[in-house]
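Me: I would like to go through this structure residue by residue, with the criteria stated as we go.

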Amino acid sequence: MSDDDEEKIAYLVCGRVADMHGDSIATGSIQMICGTCRELIWVSPASMDAVAQYTERRYLCIPCAIPKIKPDSKFVMTAKQQMEFLRYVSQNQSYGEFD
Ligand SMILES: [Zn+2]
């Protein structure tokens, strides 16, 4: 895949259905499937809005996304998503430390 193709793809990071309960699931969320491990994930309306302008979207669960996240990566994350993400990670310490 060329860099040009990479520019058009949005990666959306979502919590797994199996890992999320109650308040951590945003109202209006829909279930999708992680493109890497095929686990069911929750996609919030805010997440959908964040990638609406991209023609190609890839959905990843948080455990699959953690090894891919780097400071220079092109992940699309709104401030609200980052808060959800950090809260999720803090509640699931088994995913380990970020390096
Ligand atoms: Zn996954």
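Me: Is Val51 buried, exposed or partly exposed, and which count decides it?
Reply: This is a predicted model, in which local features need pLDDT of at least 70, side-chain atom pairs count only at pLDDT 80 or more, and totals for chains, interfaces and linings use all residues. Residues are numbered from 1 along each chain as its sequence is written. A residue is buried if 20 or more other C-beta atoms, placed from the backbone, lie within 10 Å of its own, exposed if 12 or fewer, and partly exposed in between. Because Val51 has 19 C-beta neighbours inside 10 Å, Val51 counts as partly exposed.

Me: Where does Val51 lie?
Reply: Helices (H or I, at least four residues) and strands (E, at least two) are DSSP runs, numbered from the N terminus. On that numbering, Val51 lies in the loop between helix H2 (45-50) and S4.

Me: Which residue in S3 is the bridge partner of Gln31?
Reply: Strands S2 (residues 30-33) and S3 (residues 40-43) run antiparallel and are joined by four bridges, where pairing requires that DSSP finds at least two bridges between two strands. Within this pairing, Ile30 has Val43 as its partner in S3. For Gln31, the bridge partner in S3 is Trp42.

Me: What is the phi of Arg38, which is not a glycine?
Reply: S2 and S3 form a hairpin with six residues between them, and Arg38 is in the turn. With 10 C-beta neighbours inside 10 Å, Arg38 counts as exposed. Most residues other than glycine have a negative phi. Arg38, although not a glycine, has a positive phi of about 70 degrees.

Me: How many other C-beta atoms lie within 10 Å of Leu60?
Reply: Leu60 is found in strand S4 (residues 56-61). Leu60 counts as buried because the number of other C-beta atoms within 10 Å is 22.

Me: What distance separates the C-alpha atoms of Leu60 and Thr36?
Reply: Not counting residues up to four places away in sequence, Leu60 touches several residues, including Tyr11, Cys34 and Thr36, a contact being a pair of C-beta atoms, placed from the backbone, that lie within 7 Å. Leu60 and Thr36 are 24 residues apart along the chain, and their C-alpha atoms are separated by 6.6 Å.

Terms used. Contact = placed C-beta atoms within 7 Å.
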